[in-house]
Amino acid sequence: MKSRVLVVGDVMTDIIVKPEGPIVMGSDRRAQIRTRPGGSGANQAVWLGAAGAEVVFAARVGASDVDNLGRHFRELGVTPALSGDADLPSGVLVTIVAPDGERSFLTDRGANLNLGADDLPPALLDGVGFVMVSGYSLFAPGPRTAVQALMAQARRRGIASGIDPASVGFLEDVGAQNFRDWIGPLDWIFANEDEAKTLTGSGDLATQMRVLGEQFEHVVIKRGRLGAALGGRDGISHQQAAPKVRVVDSTGAGDAFAGGFVAGLVRGASMDQCLAAGIAQGAAAVQTIGGQPVQAARDDQCGSCASATPSSQ
């Protein structure tokens, strides 16, 4: 397998809010508020870069942000392929972080909604060994059509592809079967426990593996504090536990896992090594604020940290 990875997905500005206590409707609550670069696709690309992979990231952002975001990604080892949107600004995500590290989101997709075929030319696949797609790119008709065309081109060229469903809320909005139909047969899926349950209708891990394995050759289920499992239509083939860590913010943990796993995959690592790499990056992600590894060097860890393990996200 060629070692270059193409990531297609979303770019967001994350506004991370950690209230000191329960939100009081109609009144004030002290909180720590930080702004960070984010987006599931962007996070995956940056964590791939952190794991030493050669990675290209294709996305659409507000026109005024192309230069600054391009520099940001290059500084983190990612080759940006960003298109500028003259009408919509870059996406914004407000994340409210509970004391135990769990999150709630308010999302404005912004320029991500206008991702189109011109943003994803077939030339992006040149020299690529793996295509990683954020499920957020499938939840609007325009981006979905563009991503489906690119994935079809990848299949014709024999390039492995993977999908991260990205959001239980959006899956429930569009319907699990619709989402699966949009994807069709694919090499890899990286789902957390809630996403796997929504896509299969089952809370049983072995059943999730078998059901998803009918569509995806390889199924990876991220299990939070229980680690992760790998399998397919024949059931579970590999499992590993997660280390206990202090959770500061679980934003981007699933993206970090995917980055570590895929980086190992394109290097030819064993499945056990890929799982270990993904779990290690997921554990690192929850110990700092924000969804990208650059934060680890810049931030002090704020707020009260729960003694816990990585979330299933």
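Student: Which residues form one aromatic cluster?
Tutor: The model is predicted: local features need pLDDT of at least 70, side-chain atom pairs count only at pLDDT 80 or more, and totals for chains, interfaces and linings use all residues. Residues are numbered from 1 along each chain as its sequence is written, and side-chain values use heavy atoms, with hydrogens and water left out. The members of the cluster are Y136, F139, F170 and F179.

Student: How many aromatic pairs does a search of the whole structure find?
Tutor: Rings of Phe, Tyr and Trp (its six-membered ring) pair if their centres lie within 6.5 Å; planes under 30 degrees apart count as stacked, over 60 as edge-to-face and the rest as tilted. With that rule, the number of aromatic pairs found is nine.

Student: How far apart in sequence are the parts that the pair of Y136 and F170 ties together?
Tutor: Y136 and F170 are edge-to-face, at 5.7 Å centre to centre and 90° between the planes. Helices (H or I, at least four residues) and strands (E, at least two) are DSSP runs, numbered from the N terminus. Y136 lies in the loop between strand 8 (128-134) and helix 3 (141-156), and F170 in helix 4 (residues 168-174), so the separation of the parts they join is 34 residues.

Student: Is Y136 buried or exposed?
Tutor: Buried means under 20% relative accessible area, exposed over 50%, and partly exposed in between (1.4 Å probe, protein chains only). F170 has a relative accessible area of 25% and is partly exposed. Y136 has 18% relative accessibility and therefore counts as buried.

Student: Why does the pair of F139 and F179 count as stacked?
Tutor: The ring centres of F139 and F179 are 5.7 Å apart. The pair is stacked because its planes are at 25°.

Student: Which helix holds F179?
Tutor: F139 and F179 are both buried. F139 lies in the loop between strand 8 and helix 3, so its pairing with F179 ties together parts 40 residues apart in sequence. F179 itself is in helix 5 (residues 176-183).

Student: Over the ring of which residue does the charged end of R144 sit?
Tutor: A charge sits over a ring if NZ of Lys or CZ of Arg is within 6 Å of the ring centre and within 35 degrees of the ring normal. The charged end of R144 is 3.8 Å from the ring centre of W182.

Student: Within what arc do the buried residues of helix 2 fall?
Tutor: In helix 2 (residues 66-75), the buried residues are L69, G70, H72 and F73. They line one face of the helix, because, seen down its axis, they fall within an arc (taken from the directions from the helix axis to the C-beta atoms) of 160°.

Student: Which exposed residues are on the face of helix 2 turned away from its buried side?
Tutor: G77 follows helix 2 and has a positive phi, near 80°. The face of helix 2 turned away from its buried side carries D67, R74 and E75.

Student: What distance separates the C-alpha atoms of L171 and T198?
Tutor: L171 is found in helix 4. At 0% relative accessibility, L171 counts as buried. L171 and T198 are 27 residues apart along the chain, and their C-alpha atoms are separated by 7.4 Å.
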